[in-house]
Amino acid sequence: MKYVVTLCSAIIWGSGQAINKQWIKGAVFFIVQCIFWFVELSTGLLDVITGRAEPLFRNCGYFIRGLWGLITLGEIPRLDSSVLVFDHSVMLMIGGIISTFILLLFILVWIWNIRDAYKTHVLIDHGQKQSSLDYVKGLWEKSFEYIMITPGALLVLFISVIPVLFSISIAFTNYNRNTVPPRNLIDWTGFQTFQDIVQIPIWGTTFVSILIWTICWAFLATFSAYSFGLLNAVLINTKGILFKKFWRGLYVLPWAVPGLVSLLVFRAMFNRQGAFNTLLMNMGIIDEALPFLSNSTWARTILVLTNVWLGFPYFMSLISGVMTSISPELYEAVDVDGGGGWTKFRAISLPAILTATAPQIVMSITFNFNNFGHVYFLTQGGPPNPAFQMAGSTDILITWLFKLTLDQRMYNYAAAISIIIFIMIATVSGINLMRTRAFKED
């Protein structure tokens, strides 16, 4: 009998619950099935069944059409404006991803309905009866946390996860400026885009060179700002320094001013006719303007220096807070042993600071790895580099991706590079964060 109940629920949702005399629960599952078929029939499947539309997948219901669009990405391009029936590959892909997720939710409810009918009948066979109200109370008590987080999880799914999946899907197609829908159709190409990045010399050279510079930039930008912030924090917290609040407030100003404003000011100041060149020439230090932003070495140096200016106040404030939490008794013990200021810093201050700020260092490296605003608004990735494919000498991976997307419309290559960036950042960040003492349980 339990298998009959299970089969009934598999065909007509809630029928197994009705056999088990759980009428309310059975009605809920049946309503969900009615919603599913209403959506499917009202979006074209009924017209196909009654013969009012051609029996094609494109004319069927929402879920069938969604799966067809995701698999084929369309069959009819719009070659001219007279074509009334045409396919837009991007819309079909987005719609297919969304309909697939909704279909999966219905499938989960269907499986839940079958399992519930089976388990309930097993309980009945053992002499245990359970009403729909008792089931709801038990479900609320056992799964309260999951019930409460489900609405937020669904919202995250549709706002964050689906766009990410769409971006990932683009990497496995030939979507670029030559195949822009609806005049052209997009095709699935598998790993061809990734192979091009690795195998085609110009793409491979550009990717490797930009990757190396991105890694160097991330570490240089982080540790230069951290070191300068550490230096200022130690100096300000040294005994004998007067007006400590004034110095702290003064050094926090670069952090308080919006970064975009500071970068645009620096860009104007480092121009050939900018303030720095004018000042140096008036002082007789140089005879002609220095190529601060038009020479690759100078431009990369300026990027790091301006990042120090913008980033050190954060680390200075962070480290100052850590230093105030260090017990004065530790420093007194060093004084008793005859140690000096350097011993106090090396043996007490620095280990405590590094332990407390290690997660922030890792996160800062990750942030600078994708620090689009600093690079783009200061140098725009320039100066141009003829050896690179659609990239400049100071471009990092994220700015190169931006140019490929908006300037060159190489959407598939940009998506592939974004996947590579994600894998690298997720791997390195995860390993480093798990290795830090701040994330280990003692």
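Trainee: In which helix does Ala414 lie?

Mentor: Please keep in mind that this is a predicted model. Ala414 lies in helix H18, which covers residues 411-435.

Trainee: Is Ala414 buried or exposed?

Mentor: A residue is called buried when its relative accessible area is under 20%. Ala414 has a relative accessible area of 5%, and therefore it counts as buried.

Trainee: Which residues is Ala414 in contact with, leaving aside its neighbours within four places in sequence?

Mentor: With those neighbours set aside, Ala414 is in contact with Leu401, Leu404 and Thr405. For Ala352, the C-alpha to C-alpha distance from Ala414 is 42 Å, and the two residues are 62 apart in sequence.

Trainee: Into which domains is the chain divided?

Mentor: Domain 1 takes in residues 2-190 and domain 2 takes in residues 196-441, and their centres, taken over C-alpha atoms, are separated by 46 Å.

Trainee: How many residues of each domain are in contact with the other?

Mentor: On the side of domain 1 there are 11 residues, in contact with nine residues of domain 2. Together the domains bury about 800 Å² between them, with 64% of it on carbon and sulfur atoms. In domain 1, the residues that lose the most area to domain 2 are Ala171, Tyr175 and Arg177, which together make up 56% of what that side buries.

Trainee: How many salt bridges does the rule find across this interface of domain 1 and domain 2?

Mentor: The rule finds zero salt bridges there, although it does find five residue pairs in polar contact across the interface. By class, the side of domain 1 that touches domain 2 has six nonpolar, four polar and one charged residues.

Terms used:
Residues are numbered from 1 along each chain as its sequence is written. This is a predicted model: local features need pLDDT of at least 70, side-chain atom pairs count only at pLDDT 80 or more; totals for chains, interfaces and linings use all residues. Side-chain values use heavy atoms; hydrogens and water are left out. Domain bounds come from an automatic or database domain assignment. Contact means heavy atoms within 4.5 Å. Buried area is the accessible area (1.4 Å probe) that two parts lose on being put together, summed over both. A salt bridge is a side-chain nitrogen of Lys or Arg within 4 Å of a carboxyl oxygen of Asp or Glu. A polar contact is a pair of N or O atoms within 3.5 Å; within protein, one must be able to donate a hydrogen and the other to accept it, and residues adjacent in sequence count only if both atoms are side-chain atoms. Ala, Val, Leu, Ile, Met, Phe, Trp, Tyr, Cys and Pro count as nonpolar, Asp, Glu, Lys and Arg as charged, and the others, Gly among them, as polar. Helices (H or I, at least four residues) and strands (E, at least two) are DSSP runs, numbered from the N terminus. Buried means under 20% relative accessible area, exposed over 50%, partly exposed in between (1.4 Å probe, protein chains only).
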